[in-house]
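These notebook entries record what I looked up in one structure.

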Amino acid sequence: MFEFIRNHQRLMQILLAIIIVPSFALVGLESYKGFGDDATTIAKVGGQPLTQQEFDNALRNQLDSYRQRMGEQFDQKMFDTPEFKQNILDQLIAERAIGVEVTRSNLTISDAQLQRAIMDLFGGAANFDMERYKAILASQGLTPAMNDARMRRDMALQQLGGAVQSTGFAPRTVATTLSNIGSQEREVQELALPITEFVPQVKVTDAMVKAFYDKNSKFFEIPEQAKIEYVVLNNDAVLSQVKVTDADIAKYYEANQAAFTTPESRRAAHILVALKKGASAADVAAAKAKAEAIAAEVRKTPGDFAKIAKAKSEDPSAEQGGDLDYVTKGSLPAPLEAAVMKLKQGEISDPVQSDYGFHVLTVTELKPAVVKPLESVKTEVADALKTSQASKKYSEMAEAFTNTVYEQSDSLKPAADKLGLKIETASNISRTPSPQAGPAPYNNAKFLTALFSNDSITKKSNTEAIEVAPSTLVAGRIVEFKPASKRPLAEVDAAIRQRVTMEEAAKLASKAGAEKLAAARKAGDAAGFGPAKLVSRSKPEGLNGVALQEVMKADTSKLPAYVGVELPGMGYSVYRIGKVQQPAEQDAERRKQEAEQIGTIIAQQEMYEYIELLKQRAKVKILKPIVTTTVTEVKE
């Protein structure tokens, strides 16, 4: 089982991400409703089509996610592979199969659970802003109703996944055995044969040097290099040319005061007299009468609202004195929200009916709306205006930049002068991005490809304007060019001699070490070995990493055991293992963590096998191969 987990670790990560993390970006609610089964259907899950458009959207969303995380290092070609696309399809199929099971099992999420989850996205009800929430959803092409449905589905998926993974546990004997292996100590003695002892025996000839030079010619290549000029047009360059006046700022402030207003906030509490759905008229009347009596009682001593709520409310919030936290637009059922918004602080409402029963409400805290003065937001307004104007100006300047570097291709100066830009220079530039150059505008694969084109090299002409990042154009030209070459043998002779000397000395050390190992095994004693020390995987006690690995996996069924190890660049060592034991004192905390990790692995395996079962139950059919699909790069 553990071997399976190791071999399928990447797949497991993908599948677990589907279950554990709500997949807001991959598949919408429409996926479970189904579209027509037509030529665009690439797979069917539970009898419902999975379309090419859904796959394309999922692929684009995944690429956008990587683009945001990787920034300048993002290269779409890295992801344009059959394996990456197949992973996306596997995600969609697995998610759809789980969704079918959620529907079949009638898993539901209550309104209270959904509301709490939405509030948590904003750090609690006090920070929730309905208008901001709607704006965020609108930017993703969603309405609150659509997102409610999506979140219910994702939370149900989590619920199902959690239930399955909770069945995985690690038997105590398995956890103990693995922990024993990890903490095992071995008493080791070393007989070292350092490479330096064999260097005097090595004689390097000219022929050996020449042979190494010819065989390893790539080590001595000097890549082509260029000195370049380049010009960058980006938002910063545009912003530096945008000016706004105090009059502009004041006008914007007056027109957008809502943006600078902290809305009114109300913290509410309630006492619930619960009613079951479909209650009789008599039960409704009785519940209402009970609520009216409670309201009358609370009005006599409003300060005891929380105390009375703890005693009489039939809602989980009773333990918190009926606290509903801060109420914002859309955060409560409509009748309750309307009642709360009419109350003054400390005022007690008449009973208000909802789907849950009758509520007696009060406002425990009220903060009126506050408008920030112009002076405190002046810089913010100025930045907003500049950004808005720069966006429009960038489009105009980008067109002029693109045309000028192309039409006057023998120099970047006309474009720089026309648009107020600076000509930058860079040296030792090659065809591939350099880690040392980092996020430099010219250190972009697409730009470097254009820069090292035949026309650019031979004619020293400008490249076209290349978009290297959102709203960032770069054009450049080669000023000086050095073709690829090879360092002459005479220049690297000394380095090669040193390298060959060490390689030959290492061979001699290994030969001598093998002889020492054979002799030690035959004799069975510790003659020539150093002092004994206890080592373990967590406490190497100065033992070389390669040596430690060999020592800890050596067969110790018969002691003493001997193992020989080639130590790259250092020589050869023979190790004598005299004892194998467990530590006198075990690390209880480490063992507990290891048991939890083993349990997690088993739970992951359970989840993987369950998803495979669901896919069979949903009768998954792949109708079209998608591995050759190419996605047009998304521009921001």
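**Entry 1: the pocket.** Which residues lie nearest the centre of the largest pocket? I noted Asp111, Ala112, Gln115, Ser331 and Leu332, out of 35 lining residues. I worked on a predicted model, in which local features need pLDDT of at least 70 and side-chain atom pairs count only at pLDDT 80 or more, while totals for chains, interfaces and linings use all residues. Residues are numbered from 1 along each chain as its sequence is written, and side-chain values use heavy atoms, with hydrogens and water left out.

A pocket here is an open set of points on a 1 Å grid over the protein atoms alone, where a 1.4 Å probe fits, with protein on both sides within 12 Å along at least five of seven lines; lining residues have an atom within 4 Å of a point. I recorded about 1100 Å³ of space in the largest pocket, a volume being the space filled by probe spheres set on the points.

I then looked up where the lining comes from. Helix 6 (111–121) supplies eight residues, the largest share. Among the other elements that each supply at least two are helix 8 (144–165) and strand 7 (265–274). Helices (H or I, at least four residues) and strands (E, at least two) are DSSP runs, numbered from the N terminus. The lining divides into 18 nonpolar, eight polar and nine charged residues; Asp, Glu, Lys and Arg count as charged, Ala, Val, Leu, Ile, Met, Phe, Trp, Tyr, Cys and Pro as nonpolar, and the others, Gly among them, as polar.

Entry 2: I found strand 13 (residues 466–469) and strand 14 (residues 472–482) paired in the antiparallel sense over three bridges; pairing requires at least two DSSP bridges. Glu467 has Leu473 in strand 14 as its bridge partner. Two residues lie between the strands of this hairpin, and Ser471 takes a positive phi near 55°.

**Entry 3: aromatic rings.** I searched the whole structure and noted 10 aromatic pairs (rings of Phe, Tyr and Trp, the last by its six-membered ring, with centres within 6.5 Å; planes under 30 degrees apart are stacked, over 60 edge-to-face, the rest tilted). Phe219 and Phe220 form an edge-to-face pair, at 6.5 Å centre to centre and 80° between the planes. Phe220 counts as buried because its relative accessibility is 8%, the limit being under 20%, with exposed over 50% and partly exposed in between (1.4 Å probe, protein chains only). Phe219, at 45%, counts as partly exposed.
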